[in-house]
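Please open the model in your viewer and keep the selection panel at hand. The tour below moves from one selection to the next and says what is to be found at each.

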Amino acid sequence: MRKQKLIIVSFLLVCAMVAMSACSAASELPEIKITSGDIKIPNTVVEKHGLCSIFDRAETFMSIMKNTELAELPYIKLGEEITIEVLGDTPDVVMLTGYILKSDGSLKYASEVNQEVDIEFSGNKGSFVLDVDMAYSLVSQAEHHNDGNVISGFCLGCTWGDNYFEYDFIIRTDAGLGEDA
């Protein structure tokens with residue numbers, strides 16, 4: 001009887017370990033690399049169990065900016081291409097949204113002003129051209145119209161099966177509303 005209980009307990013432990021390893025493998029954090037030319041753009045990733053709210057996203061941007069000086073943010077000129085490379089399987093679904101941020105990482109404008117960004121994926125690489133966001137016209141302070149004085153935050157939402165991850169990154173760019181726009 002004791003041997004039978006030991007076999008049953010051992011069997012249940014093996015089943016539990018197999019199930020736990022399968023779950024952790026399925027939700028393993030996929031890495032991405034974001035670049036624009038030779039410039040590497042750091043990103044922060046958060047595993048989600050559904051789409052996050054605008055408040056969660058603002059908290060992530062603020063967390064990034066808490067430990068980052070403005071001068072440390074990569075400066076990407078309007079018209080430059082930003083490339084995103086997934087180091088692993090290509091996501092099933094990809095969504096990219098852009099936001100204008102304050103220097104502390106909080107959203108400068110209401111969530112209705114965010115911009116859905118078209119991104120084309122081929123295999124494990126996707127790219128988009130950094131274009132003028134019409135919300136930049138809301139930036140009224142003259143100093144924001146100088147090169148590199150607009151802070152843009154991006155949220156890349158990716159799904160692999162039932163797993164959803166968000167990759168947030170912040171850059172400095174231009175308003176693009178001057179004579180050269």
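The stops begin with confidence and then pass through the strands, the rings and the cysteines.

**Before selecting anything**

This is a predicted model, in which local features need a pLDDT of at least 70 and side-chain atom pairs count only at pLDDT 80 or more, while totals for chains, interfaces and linings use all residues. Residues are numbered from 1 along each chain as its sequence is written, and side-chain values use heavy atoms, with hydrogens and water left out.

**Stop 1: colour by confidence**

Colour the chain by pLDDT, the predictor's confidence in each residue on a scale from 0 to 100. The protein chain averages 77, and 67% of the residues score at least 70. Confidence is lowest in helix 1 (residues 2–26), with a mean of 45, and highest in strand 2, at 96. Helices (H or I, at least four residues) and strands (E, at least two) are DSSP runs, numbered from the N terminus. Now select residues 9–26, over which pLDDT stays under 50 and for which the model has one contact beyond four places in sequence; a contact means heavy atoms within 4.5 Å. Where pLDDT is low, the predicted coordinates should not be read in detail.

**Stop 2**

Next, show the five strands that form an open sheet in the order 2-1-4-8-7, with antiparallel pairing. Two strands are taken to pair if DSSP finds at least two bridges between them. Strand 2 (39–41) and strand 7 (120–122) stand at the edges with a single partner strand each, so one side of each is left without a neighbour in the sheet. From one strand to the next the twist averages 25 degrees, where axes are lines fitted to C-alpha atoms, for helices over the stretch in contact, and angles run from 0 to 180 degrees between N-to-C directions. Within this sheet, strand 1 (residues 31–36) and strand 2 run antiparallel and are joined by three bridges; select Thr35 to find Lys40 as its bridge partner in strand 2.

**Stop 2: strand 5 and its partners**

Move to strand 5, which pairs with strand 9 in the antiparallel sense over nine bridges; here Met95 has Gly157 of strand 9 as its bridge partner. Strand 5 is also joined to strand 6 by three bridges, and these two run antiparallel, with Thr97 standing opposite Glu116 of strand 6. Ser106 can be selected in the loop between strand 5 (93–101) and strand 6 (115–117). At 13% relative accessibility Ser106 is buried, a word that means under 20% relative accessible area, computed with a 1.4 Å probe on protein chains only, as against over 50% for exposed and values in between for partly exposed. Not counting residues up to four places away in sequence, Ser106 touches Met62, Ile100 and Leu101.

**Stop 3: strands 9 and 10**

Which way do strand 9 and strand 10 pair, and over how many bridges? They pair in the antiparallel sense, over eleven bridges. In the hairpin that they form, two residues lie between the strands, and Gly161 takes a positive phi near 60 degrees. In strand 10, eleven of eleven residues are buried: Asn163, Phe165, Tyr167, Phe169, Ile171 and Thr173 point one way, and Tyr164, Glu166, Asp168, Ile170 and Arg172 the other way.

**Stop 4: the aromatic rings**

Show the rings, among which there are four aromatic pairs. Rings of Phe, Tyr and Trp (its six-membered ring) pair if their centres lie within 6.5 Å, and planes under 30 degrees apart count as stacked, over 60 as edge-to-face and the rest as tilted. Phe154 and Phe169 are stacked, at 5.2 Å centre to centre and 15 degrees between the planes. Phe154 lies in strand 9 (residues 150–160) and Phe169 in strand 10 (residues 163–173), so this pair ties together parts 15 residues apart in sequence. Phe154 is buried at 5% relative accessible area, and Phe169 at 0%. The rings of Trp160 and Phe165 have centres 5.8 Å apart and planes at 65 degrees, so that pair is edge-to-face. Ring pairs also link Phe128, Phe154 and Phe169 into a cluster.

**Stop 5**

Cys158 is in none, and the nearest cysteine sulfur, that of Cys155, is 8.9 Å away. Cys155 is buried at 3% relative accessible area, and Cys158 is buried at 0%.

Terms used:
Disulfide = S-S within 2.5 Å.
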